[in-house]
Amino acid sequence: MMPISMLRAALRLPVIRELREAGAARTFRRAPTAANYFFGVYGTFEEAEAAVPAQAAHSYDTGASGRLYRDRLAEIFPHDYPVLYWLKPMFSERVRRVFDLGGHVGIANYSYERYLGSLDAIEWKVCDLPAIVEAGRELAASRGRRGLSFTTRYEDADGADVLLASGVLQYLRPGFLGGLLARLSRPPRDVFVNLLPSTKHPTFCTLNNVRTAICPYVVVNEKEFVASLEGLGYELVDAWSSPEKRCVIPLHPERTVEAYRGFYFRKRALP
C-alpha cells in the first residue's frame, strides 16, 4: 500500500490535479437539483463572472428561480431563531417598516408570522430580481397577503426601521451593503445579516450552482465586513454561527466555510 505522504504528493502532480479539476468541474455543472455545489476560487467577482460556463444560465432572474423554496413558507430553521429573538420585542414596540433584501417571494414574512404575530400592520417590502418579484406578487395576491410588497429598487430601503439580508450578500459584489447604507438619507436603525459565508482569508469568490443558474459567490473576510458597517456608525450587538450551512469547494479544503455567520447591527445614537 502506498504511504499517505506519497499519495498526497502524487495528488499534487500537475497532470493528476488537472484530471481532478476536470472531474470536479463536470460534477459541478451536472449538480443534482437538490444539491448546492461550489467550484473554483477567484480573486474578484469579475473573474468569477468570467468563469461561468457559457452554456449555463448566468442569472437567478428566471421564472424557475421564482418557483423555488415554496416548501419554506411555513418552516423555521435554526439560523432563524437568533433573528426572531431580537425582532420579537421590536415588533411589539416600534417597528413598522421592514426592508427584506433578497427575500425571494417573502419567505421570512410568511414563516416568521408564527412567532412574531400578525404582520398585517407591518410594511414589509421585499427587494429582489424582477422575475422573483413577479412571482412574489402573484403569490401574495393569491393568498390575500396584507402589508407585503415587492420592489427591485435597493434605495427603497430608505426610511425602513429594519433591514434584513439573509443568504443574499454572497451573490452581490463585495461591499454592496455598506455602499447601500451609505447612500441612504435615513438608513435603518437595525440591520440583520444572516447566513453569510465568511473567512479569515482575504475576501474571495467561487461559483455556486443554484439549480436554475450558476452564479458568482462571495466569501467575505469577517473582520473587514464587520468593520465596514462599524465605520458607518453601527455597533455589533450580536453574532452567531449556523453550522447547518457549509461551503465546501472541491480541491480547496483550506477555503471551506464550516459554519455560516449571522450578525445584528444597531445604529449608534448620536452624542
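Select Arg 97 to begin: at 24% relative accessibility, Arg 97 counts as partly exposed. Buried means under 20% relative accessible area, exposed means over 50%, and partly exposed lies in between, with a 1.4 Å probe and protein chains only.

This is a predicted model, in which local features need pLDDT of at least 70 and side-chain atom pairs count only at pLDDT 80 or more, while totals for chains, interfaces and linings use all residues. Residues are numbered from 1 along each chain as its sequence is written, and side-chain values use heavy atoms, leaving out hydrogens and water.

Glu 123 is in strand E3 (residues 123-127) and Arg 97 in strand E2 (residues 97-101), so the pair ties together parts 26 residues apart in sequence. Strands (E) are DSSP runs of at least two residues, helices (H or I) of at least four, numbered from the N terminus.

Now select Glu 113 and Arg 145. Their salt bridge has its closest N and O atoms 3.1 Å apart. Glu 113 lies in helix H6 (residues 107-116), and Arg 145 in the loop between helix H7 (130-142) and strand E4 (148-151).

Move to Asp 156 and Arg 153, a salt bridge with closest N and O atoms 2.4 Å apart. Then select Glu 46, Glu 49 and Arg 173, which salt bridges with shared partners join into one network. The whole structure has 12 salt bridges.

Finish at Cys 205, buried at 2% relative accessible area.

Key. Salt bridge = Lys/Arg side-chain N within 4 Å of Asp/Glu carboxyl O.
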